[in-house]
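Here are my notes on the two-chain file you sent over.

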Amino acid sequence: MDHTSTFEKTLRGVLITLVLVFFLFPIVWIFLMSLQTNETILRIPPSLAFTPIIDNYTALITGQLRTAAGSLQLNFMQNMFNSVLLSVCSVAVSLVLGVPAAYAFARFKFRLGEDIAFTLLSFRFAPALLVLLPLSLYFKSLGLTNTYVGLIWVYQLICLPLILWIVRGYFEDISPDIEHAYRIAGNSWWQTFRKISIPLAKPGIAAAGLLAFIFAWNNFVFALILASADKQPVTVGALAFVTASGIQYGQIAAAIIISITPTLALALYAQRYLVEGLSMGAVKG
Amino acid sequence: MTQLSITSLSKSYGSFKVFDGLNLEAKAGEIVVIFGGSGTGKTILLRLIAGVEEPSSGVIAIGGHDVSDIAPEHRGVGMAFQNFALFPHLSAAENIATPLRAAGAAEDKVKAGVNKVAKLLKIDHVLTHAPRELSNGQKQRTALARALAAEPQILLLDDPLRNVDAKLRFEMRLELPRLLRQSGATVLYVTQDYKEAMALADRIAVLAGGKFVQTATPEDIYMRPATLGVARLFGDPSINTAETSLEADGAGVHVTLGGTRVQVAADYKAHAGEAVTFGVRPESVDVSADSGLAAEVVAVTPLNERTVLLLQTPSGWEFLASLPSSAADIPEPGAKVFARFAEAGTHIFDRQTGERLHG
């Protein structure tokens, strides 16, 4: 039965359009900016009439930034590579450490268990600046400053709590009886974990991994302080566009478009894993 | 041969004692029903035997060997869970195949095994379906098939008919005994439905208050309940009771029900003077007599093949009588009748301990 009137339908359409415009306008605008020169971007009033150029993208990819004051070296592609490397490795390490830990927190009650889990979570709400000074001192004495290993380690502060807490919830949602049934059928604990628990928590693991990836990708301050130019990700690398002769809006826009592409692609790909409902109907509620 | 034995088994969670000092033996191929209300620890008992939980103390032996240190996967038991616990990401066929695969059976053996048990349980047409595409009845059969597939020596069935509809439950109650006999396994079957227990069991172990209060054949449980509690659990409508005392005089032994003396078997003489609870099963109440306990019919409720009468004595004691619906002249509401109690369905219990007195 459909009780929706034409008015309601129209209203719904208008509201959805408004929300879409609100969220997508900045991205569309930045995309348009990335195809313009600084002059056309900054003219008043702004206009949609311009001749698209791809100079901004070629500048980023070749690493040659031409400004009014002369030519400038850019290592945007190196920053891009750093971002990918840091984010992928951080999430991978977090998954390897976090998923078994999440399972332990979900299934076993042990001394201080809740306290440990909460301490890990509290890393998420402590401001990064609070830990940066001691961290940079430790990193110096440990020789970890400006290394990938050091950054990946620090990125665990971002990724690990996220993965731990999201995946834990998914493990808790799996009926222990399902695991018991698999063990009684003749499988060891480890086989049960691999063949039952992990596959059933897969939507959660995918969602947590994706979120952790985005947070790691967007991180700015850790890499700003603990690494120098050759190890810094795009977020920090974008500072290079603020040059002596002015801000290169066109290149910034192009850099943004390039840098959001991986996370966007990943989100679209992982979407199907994010759809829940895999475990529906297996256990009588 | 004793296939499964449980000796002084106890389980507690913190200070909460679920049960204490359970003893039970089951012979090979025997069907033992664990019967009890909710929260009595029936499911926990099965989990202990399966090895997915550890007892606080006591010994579980399978085939004569203590299994305390044996992991669940090596105990050789099959278990069907009340909530089915099917693997949602595997098809029905793969669910059933799990124990066969775990045992390392060759692919053709796995297929043959799955098909055999699926045919037996009439789910061979839904083997390719995922659990969420199955009806509750099919899920229940799939769970049962999975437990049966590897032909375990011991089969633990945790109220498998709880979550299926009434029609299927009735069918399965008839089908299951044959199926379970065919499997040859020693079966521990948990239920809180007394009809199911009576229909399936070789022996029933009644779990209440953390103990087995009686372990006996269905007939014994019904005809010779150990306690008032057991007598109340079996029978629908349940046993009529009245608090009274046993008295003896020259005419014999009697109790007083609603102000009227009712003669009981002379064997109770030894207990004369004791405070007791008198119990009589509704189907042992005869209302066609022309003398006995005077009562008025308050209500008549036909229940298919039986008709239940609610009766009240002049002094206000209410009791039920259950007659075959085919019986001649069932009294109308308002009719005055005399009730007599058949000896076989009459039990007298100690009011303090609830234990049945032996007449």
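1. Start at A:Ser83. Leaving aside residues up to four places away in sequence, A:Ser83 touches A:Trp217, A:Pro233, A:Val234 and A:Ser259. The residue belongs to helix H4 of chain A, which covers residues 76-107. Is A:Ser83 buried or exposed? There are 24 other C-beta atoms within 10 Å of A:Ser83, so it counts as buried, the cut-off being 20 or more. If you want a distance to check, A:Met33 sits 50 residues away along the chain, and the two C-alpha atoms are 23 Å apart. Keep in mind throughout that this is a predicted model.

2. Now the overall form of chain A. You'll find twelve helices and four strands in chain A. Its radius of gyration is 24 Å, whereas a compact globule of 285 residues would come out near 19 Å. Along the principal axes, the C-alpha atoms of chain A fill a box of roughly 75 × 70 × 30 Å. Buried residues make up 32% of the 285 in chain A. As for contacts in chain A between residues at least 6 apart in sequence, 78% of them join residues at least 24 apart.

3. The contact between them draws 19 residues from domain 1 of chain A and 15 residues from domain 2 of chain A. On the domain 1 side, two or more residues each come from helix H1 (6-33), helix H2 (38-42), helix H3 (55-62) and strand E1 (64-67) of chain A. Which of these gives the most? H3(A) does, with five residues. By class, that side of domain 1 has twelve nonpolar residues, seven polar and no charged.

4. Chain B is also assigned two domains, domain 1 (2-228) and domain 2 (240-350). Here the centres over C-alpha atoms are separated by 40 Å. How many residues are in contact? Four residues of domain 1 of chain B meet five residues of domain 2 of chain B. The domain 1 side of this contact has three nonpolar residues, one polar and no charged.

5. On to the contact between the chains, with 23 residues from chain B and 22 residues from chain A. In chain B, strand E6 (77-80), helix H2 (92-102) and helix H4 (136-149) each supply at least two residues to the side touching chain A. H2(B) gives the most, with three residues. The chain B side divides into 15 nonpolar, five polar and three charged residues.

6. A few backbone values deserve a look. Most peptide bonds are trans, and most residues other than glycine have a negative phi. A:Ile44 and A:Pro45 are joined by a cis peptide bond, with omega about -5 degrees; A:Pro45 is in the loop between H2 and H3 of chain A. In chain B, a cis peptide bond joins B:Asp236 and B:Pro237, with omega about 0 degrees. B:Pro237 is in the loop between helix H8 (228-233) and strand E11 (240-245) of chain B.

7. Two residues of chain B have a positive phi without being glycine. For B:Ala85 phi is about 50 degrees, and this residue lies in the loop between E6 and H2 of chain B. B:Ala85 is buried, with 27 other C-beta atoms within 10 Å. For B:Lys122 phi is near 60 degrees, and its place is the loop between helix H3 (107-120) and H4 of chain B. With 13 other C-beta atoms within 10 Å, B:Lys122 is partly exposed.

Definitions and conventions: Residues numbered from 1 in each chain as written. Chains lettered and ligands numbered in written order. Predicted model: local features only at pLDDT ≥ 70, side-chain atom pairs only at ≥ 80, totals over all residues. Domains from an automatic or database assignment. Contact = placed C-beta atoms within 7 Å. Nonpolar A, V, L, I, M, F, W, Y, C, P; charged D, E, K, R; others polar. Rg over C-alpha atoms; globule rule 2.2 N^0.38 Å. Buried ≥ 20, exposed ≤ 12 C-beta atoms within 10 Å, placed from the backbone.
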